[in-house]
Every structure is written in structure tokens, then in C-alpha cells.
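Student: I have a protein model open and I'd like to learn how to read it. Could you walk me through some of its features?

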Amino acid sequence: MKYYIIAGEASGDLHGSNLMKALLQKDPQAEIRFWGGDLMTAQGGTLVKHYRDLAFMGFLEVAMNLRTILNNIKFCKEDIKNNKPDVLILIDYPGFNLRIARFAKELGIKVVYYISPQLWAWKEGRVEIIKKYVDEMMVILPFEEDFYKKHGVHSHFVGHPLLDAISSLKEISTEEFKKENGLNEKEIIALLPGSRKQEVEKMLEIMLSVRPYFKNYQFVIAGAPSLTKEFYQKYVDDNVHFVSNRTYDLLRCSKAALVTSGTATLETALLNIPEVVCYRGSKISYAIAKRLVKNIKYISLVNLIMDREVVKELIQTDLNTKNLVEELNKMIEGEKRNQVLADYSLLREKLGGKGASEKAAEVILSV
């Protein structure tokens, strides 16, 4: 079969790569054409566009890059039309993917959505688009199945693909990791500031403001694949280091982490590292988002899945040096750290076992 996959962000690249691996195991003759990143490229197939050329953050940035986005949509439609895939597989990235879903469906191409857009948070009306143009919806969060059922859309809960990614990791020695990356002997506090340049610059400034209060630790920045090593050099010194393409290894060797809201908050939890969740957007973007997002008490996936506060979320003006120092200290030692680790065990139980990629591949092959 011929498959066309669209992943527009780093997390989509990870999940897309594991899905491609499962598809190729079940369908060795598969022809795969995709929008994604380095991880998907490593599985084979043909890369059409890299996600680093697609990711725009916030309402203002999207507005400023609207022409580029519209040109990408036009190009994608032409590429699908010319290559005539049997199945279109969409991975999250709804602003782009829902437009492509409609186009593909009108061409008679089967449309599968893997990893639901967060319609339960905002733009709930998009459910009607999914109802009309998506043949199969596969969800990775337990409560999403009930959400779609409420709207009359059949969905498959396949489990969370991060469990697949994490279960396949090889054991790692903290001492070897430090040696390989030129780190000193101090314990590590990991910094995950995001994947987009604008976001990283904003988050690193506030994250690094806690350094004077944690002199017995070294800070290590998890570099995003979409950004160059040179970009991070201005932040590096004797006690602030940088590693690229080794975020999971970095987390596993860390005492605690400061993490920008997004998929990384769940990755950090599943790797069993206590964390403080950080978010600060532009005043305009945040004000718009606050008006649009309804009935959502939390911004981190960890808290959303557990439906209570497991990890502390510091948002907008609450994200300041004083609060960061206070919350990070709780994650390094004490009762709160122990409680977070206990809650992580319950989180893993809620998400089910590994095998999401394989289950998703089986659904796709049955379409």
C-alpha cells in the first residue's frame, strides 16, 4: 500500500517514526511519503518537507507567516494529488491537517487521524469536520474516547505511543553520559525550553534565573533538533551545558527538570523525573487563548490525564524566579518529590501498556 503521513512538529516526528516502523513490519512492501523530521527519515520512505519549516508558535506568529502556511497547504494538496496514496495518515497538527483531510476525502483517499487534536480544550466545533472527512480516529489519551463518543464519533483508544518509545530505550550510565557530554560531577537539573526559537529564547531566560540558588547542581539544556548548536552557545558556560538529540538520556540522568508545557511534560513524567511545568506566551496570545480554551483546569498533559494537580504549573506572571526556586527545591528532595513519583506510577497505569504504534498500524491496515 501507499501511505502519506503528515506530522508537523517534533512530537509528531517521534510518534510518526514508531508508527512507520510498525507499518513496515506489517506491510514490508509499503511505500511511505511523509512530512516529518529526522526520526521519520531514519525509518525510510520519502521526506517531502521537514517540520522545522512548518512550526509557527502563537496567534501572532501564525498571522505573520500566513502566506507561507497557505503555500505549504497548496503544495501538500498538489503532492497528494500527484502521488495518489491509498491512505492519508494525519498526526495531530490540526490547523493544517484538517484542511488536507477534506481535500483527500474528496479525492476518494482513506483518511486516518492518529493522535487527536486537542478539541476537548478548544475549537470543539472541529469535531464536525472530523465526522465528515476522517474515516478512522485513533486517540492516545483515555478521556478522548469519551469525548468523541459524546459527539457521535467512533474512535479507537490505542494507548500512548510514548510508552513504546520509552520502553525501547537502552540502559544508560549517568557517569558515562556526563563523560561523553563534557559534564562535571554535579547532579543535573535538566532544562527543556521547547523546540521553537522564539519559545526557547523566552523560556531559557527565566529558567536560568534560578542558577544562583542551586550552586551544587549543573544545568543542562536539551537542544531541539530544529535549532543549531550555535544558537545555544550564548547560554553555555562552566555550569550551564547543552546536549543535542539526547533529551531522553539527559532526563534519565537528571535529578529534576524545568519543562516548557507540551508533550515534554508527559515524557518527563513517564521517565520518572520530578518536574516543574513552565509556560509564558505573549500577553496578546495568552489573552486570546484564555478566552478560547474552555473547561480546562490544567495545561500539562500529566495533570489533564490525572484530572488533578500532580506537577506544579507556573503560568505567565506566576513563572518567576521566586516561584521557580521554591517549586524546584520541592522536586529535588522531600515529601512533595516522593508524592510526585508515586503519582507517576498511577499515570502509567492510566495510559495502559506499550503497543500503541502496533495497534494503530493494525487499524490503518484494516481501513
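This is a predicted model: local features need pLDDT of at least 70, side-chain atom pairs count only at pLDDT 80 or more; totals for chains, interfaces and linings use all residues.

Student: Okay. Into which domains is the protein divided?

Tutor: There are two parts to colour in your viewer. Domain 1 covers 2–160 + 353–366, while domain 2 runs over 167–351. Notice that domain 1 is written as two stretches of the chain. As for spacing, the C-alpha centres of domain 1 and domain 2 lie 27 Å apart.

Student: Next, helices. At what angle do H1 and H18 pack?

Tutor: Look at the angle and the distance between the axes together. Helix H1 (residues 10–26) packs with helix H18 (residues 356–366) at about 55 degrees, and their axes are 8 Å apart. An angle of 65 to 115 degrees would count as roughly perpendicular, but H1 and H18 come out as oblique to each other. The crossing of H1 past H18 is right-handed.

Student: And how do H16 and H17 sit, oblique or roughly perpendicular to each other?

Tutor: Helix H16 (residues 321–332) and helix H17 (residues 335–351) have axes 6 Å apart and an angle of about 70 degrees. H16 and H17 are therefore roughly perpendicular. H16 also passes H17 in a right-handed crossing.

Student: Now the rings. How many aromatic pairs does the structure hold?

Tutor: Here's the idea to start from: a pair of aromatic rings is described by the distance of the centres and the angle of the planes. This structure holds nine such pairs. One of them is Tyr-93 with Phe-96, a stacked pair with 5.4 Å from centre to centre and 25 degrees between the planes. Both partners are buried: Tyr-93 has 15% relative accessibility, and Phe-96 has 4%.

Student: What kind of pair do Phe-231 and Tyr-232 make?

Tutor: Their ring centres are 5.1 Å apart and their planes stand at 80 degrees, so this pair is edge-to-face. The cut-off for that label is over 60 degrees. Phe-231 counts as buried at 12% relative accessibility, and Tyr-232 is buried too, at 0%.

Student: Moving on to the backbone. Where is Asp-92, and what is its phi?

Tutor: Find the loop between strand S4 (87–91) and helix H5 (94–106), and Asp-92 is there. Asp-92 has a positive phi of about 50 degrees although it is not a glycine. Tyr-93, in that loop between S4 and H5 as well, also has a positive phi of about 50 degrees without being a glycine.

Student: You mentioned H13. Why is it described as largely enclosed?

Tutor: Count its buried residues. Helix H13 (residues 263–270) has eight residues and seven of them are buried, so the rest of the structure largely encloses it. The buried ones are Ala-264, Thr-265, Leu-266, Glu-267, Thr-268, Ala-269 and Leu-270.

Student: What about single residues? Is Val-367 buried or partly exposed?

Tutor: Compare its value with the cut-off: buried means under 20% relative accessible area. Val-367 has 29% relative accessibility, so it counts as partly exposed. Val-367 lies in the segment after H18. By contrast, Asn-18 in helix H1 counts as buried at 18%, and Val-243 in strand S10 (residues 240–244) is buried at 2%.

Key: Residues are numbered from 1 along each chain as its sequence is written. Side-chain values use heavy atoms; hydrogens and water are left out. Rings of Phe, Tyr and Trp (its six-membered ring) pair if their centres lie within 6.5 Å; planes under 30 degrees apart count as stacked, over 60 as edge-to-face and the rest as tilted. Buried means under 20% relative accessible area, exposed over 50%, partly exposed in between (1.4 Å probe, protein chains only). Domain bounds come from an automatic or database domain assignment. Helices (H or I, at least four residues) and strands (E, at least two) are DSSP runs, numbered from the N terminus. Axes are lines fitted to C-alpha atoms, for helices over the stretch in contact, and angles run from 0 to 180 degrees between N-to-C directions. Angles under 35 degrees count as roughly parallel, over 145 as roughly antiparallel, 65 to 115 as roughly perpendicular and the rest as oblique. A crossing is left-handed if the near helix is turned anticlockwise from the far one by less than a right angle, and right-handed if clockwise.
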